[in-house]
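Reader: I am new to protein models. Could you show me how to read one, feature by feature?

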Amino acid sequence: MKKVFVLSAIFAFAVLCGEGFKPSVAGFPTKGSDYLVDTSGMTVATRFRCTDPDFVHATVEEGSFAEYLLNLPLKPHGTPCHYYDGEEKAWPYTAAVVDMDIDNADLQQCADAVMRLRGEYFFATRQYSKMHFNFTNGFCCDFKTWAEGSRVGIKGNKTWWQSGAAQKDYSYANFRKWMLLVFKYAGTLSLSRELKKASIEDVQIGDVLMQGGSPGHCEIIVDLYKNPKTREVKMMLAQSYMPAQEIEILLNDDMSPWHTVSYDQDIIETQSWFFPINSVMRFAD
């Protein structure tokens with residue numbers, strides 16, 4: 001199987017957060033020691049702000065993937081996260097939910113959510129030639145070949161393109177069909193092989209905390225502040241999980257959307273995973 005359950009401790013926590021436990025999302029405070037929340041804001045950039053005066057916002061280029069992530073649409077403040085089947089996710093660490101539909105299949109999990117955001121950005125900006133992801137067996141599944149009418153043939157571990165199998169179609173609906181195919185045959189292991197290593201000192205919006213494998217997990221940085229004096233960053237993280245769920249912005253232990261990370265620490269701890277400090281990775285193009 002492409003995906004398996006994560007560490008037993010995390011699974012145990014999920015069980016404890018099951019029946020009878022209700023998230024405190026609706027009571028998420030609008031002001032904390034290092035943040036403000038504008039409950040009327042409907043994007044990442046307009047909903048959340050870091051208020052620590054020692055931290056400065058990361059540089060963002062116009063038209064970049066980072067700018068796209070900052071402008072991700074959010075569901076109204078207090079909206080809980082839901083699984084693919086409509087069931088509410090019962091845990092208290094959802095700061096916000098990205099307003100992006102998911103299919104009624106258990107496919108868009110952690111790596112898939114990262115690929116979805118990347119694919120959506122390139123589709124919206126018509127950068128079709130950059131839309132490609134590798135299956136776990138190494139096969140490169142690119143959107144242009146798909147949109148021109150080819151389809152993927154699969155037999156065992158062998159994969160190939162079948163030309164002329166469909167009509168030319170660059171529609172959004174066809175893009176979503178392509179993404180579902182990617183979700184089915186790619187995961188954290190294959191995505192980790194496509195990304196390049198980055199350093200915490202040079203971390204950027206759009207970078208991914210990645211631990212590829214089975215189990216594996218990844219979370220994407222959707223906003224970022226840096227403190228050059230203390231060698232720290234405050235990062236905002238988004239994820240999907242298992243079973244497949246809506247993409248959520250994560251809270252930390254202090255119920256803040258900002259995860260403070262020192263360049264000198266060994267582990268980046270989130271509510272879903274423990275990432276070694278060298279787990280920062282970046283898309284190559």
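Predicted model: local features only at pLDDT ≥ 70, side-chain atom pairs only at ≥ 80, totals over all residues.

Reader: How many aromatic pairs does the structure hold?

Author: A pair of aromatic rings is described by the distance of the centres and the angle of the planes. Rings of Phe, Tyr and Trp (its six-membered ring) pair if their centres lie within 6.5 Å; planes under 30 degrees apart count as stacked, over 60 as edge-to-face and the rest as tilted. The structure holds 22 such pairs. F65 and Y121 form a tilted one, with 5.4 Å from centre to centre and 45° between the planes. This pair links distant parts of the chain, 56 residues apart: F65 is in helix α3 (residues 65-70) and Y121 in helix α4 (residues 110-124). Helices (H or I, at least four residues) and strands (E, at least two) are DSSP runs, numbered from the N terminus.

Reader: Are F65 and Y121 buried or exposed?

Author: Buried means under 20% relative accessible area, exposed over 50%, and partly exposed in between (1.4 Å probe, protein chains only). F65 is buried, at 8%, and Y121 is buried, at 8%.

Author: Next comes an edge-to-face pair, F143 and W178, with 5.5 Å between centres and 65° between planes. F143 lies in helix α5 (residues 143-147) and W178 in helix α6 (residues 172-185), so the pair ties together parts 35 residues apart in sequence. F143 is buried, with a relative accessible area of 0%, and W178 is buried, with 0%. Ring pairs also link F143 and W178 into a cluster whose members include F123, Y128 and F133.

Reader: Which residue has its charged end over the ring of F65?

Author: A charge sits over a ring if NZ of Lys or CZ of Arg is within 6 Å of the ring centre and within 35 degrees of the ring normal. Over F65 it is R118, 4.8 Å from the ring centre. K234 lies over the face of F55, at 4.9 Å from the centre of that ring.

Reader: How do strands β7 and β8 pair?

Author: Two strands pair if DSSP finds at least two bridges between them. Here β7 (residues 151-155) and β8 (residues 158-162) run antiparallel, over five bridges. V152 stands opposite W161 in β8. The hairpin has two residues between its strands, and G156 takes a positive phi near 65° there.

Reader: Which residues have the most contacts inside the largest nonpolar core?

Author: A nonpolar core is a set of buried Ala, Val, Leu, Ile, Met, Phe, Trp, Tyr and Cys residues joined through side-chain atoms within 4.5 Å. The largest has 81 residues, and W178, I200 and M235 have the most contacts inside it. Helix α4 gives the most to this core, with nine residues.

Reader: How many disulfides are found?

Author: A disulfide is a covalent bond between the sulfur atoms of two cysteines. The cut-off is a pair of cysteine sulfur atoms within 2.5 Å. The search of the whole structure finds zero. The sulfur of C141 is 7.5 Å from the closest cysteine sulfur, in C140, which is too far for a bond. C140 is partly exposed, at 35% relative accessibility, whereas C141 is buried, at 0%.

Notes: Residues numbered from 1 in each chain as written. Heavy atoms only, no water.
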